Every structure is written in C-alpha cells, then in structure tokens.
Amino acid sequence: MANNTDRQARALTFSAISRDFQLISLTSVIANLVTLYIVSIGTEAKLATSVVIISILIFALLSGINQMDTFKNWIDDMDDVEAETHGGKYAKSAPFGMWKAAFSISFLAMAAAQLYNLWT
C-alpha cells in the first residue's frame, strides 16, 4: 500500500511542478506581450518601462530555470521500477541543458528586442 501511496504522491508532485512551470511561462509571455504593446504604441516612460521589461526577464529566468531544476531533481529521485518504464527512460534522457538554453535565449531575445526598440 505504501508503494501505491508513494506513486500517487509522485504523480501529484509532477502535476504541480508542470503546472507551476506552465503558469510561470504563461505569466512571462503575457507580461512580455503587454510591454511589447506599450513599446509599440510609444511611451515617454522609457526608464520605467525598461525596469518592467528587465524585471519580467529576471522573473522568467529565475523561476523558469528553478522549475526545470526541480523537475530534473524529481526525475533523479525515481525509484528503479519507475525509471525502467518508457516514461522514466524518456525523462532520464531529457535534454535539460538544451531546454534551459532555449528558454533563456527566448526571453533574453524578447527583452533585448523590446529595449532596443524602446531606446532607438
């Protein structure tokens, strides 16, 4: 019975980690769309808008990469039975470095493009 309870707890943890990452990404993308709109219509508050853009970038990178690390740690804690499943094998071979790089480059590019457009 404890084994089944452990698996249920791990499934709930996976669900929470995934949901949190989705919410972080969604919040960051929506915030970037709002600042992109502000930049595109023109604003006199360049410094304040720049601070918001940089804050969104910091939030996205710190929280998004933290969630990816949390997910990686969750995978590393799999027991032998779970690690031998198709899902476990797939998760163990996941390219976390590439995902972190793609995530970081995407948000860095968004911030850089907005700042460039705002100040030129």
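**Legends to the predicted model of a helical chain**

**View 1. Overall dimensions of the protein chain.** The protein chain has a radius of gyration of 19 Å, whereas a compact globule of 120 residues would have one near 14 Å (radius taken over C-alpha atoms; globule rule 2.2 Å times the number of residues to the power 0.38). Along the principal axes, its C-alpha atoms fill a box of roughly 65 × 25 × 15 Å. This is a predicted model, in which local features need pLDDT of at least 70 and side-chain atom pairs count only at pLDDT 80 or more, while totals for chains, interfaces and linings use all residues. Residues are numbered from 1 along each chain as its sequence is written, and side-chain values use heavy atoms, with hydrogens and water left out.

View 2. The protein chain has five helices and zero strands, in the order α-α-α-α-α along the sequence (DSSP runs numbered from the N terminus: helices H or I, at least four residues; strands E, at least two). Of the contacts with a separation of 6 or more, 80% join residues 24 or more positions apart (contact: heavy atoms within 4.5 Å).

**View 3. Helix α5 and its buried residues.** Helix α5 covers residues 96-119, and its end C-alpha atoms are 34 Å apart, which agrees with the 34 Å that its 24 residues should span at 1.5 Å a residue (expected span: 1.5 Å times one less than the number of residues). The buried residues of α5 are Phe96, Phe103, Ser104, Phe107, Ala111, Gln114 and Leu118, where buried means under 20% relative accessible area, exposed over 50% and partly exposed in between, with a 1.4 Å probe and protein chains only. In the protein chain, buried residues make up 29% of the 120 residues.
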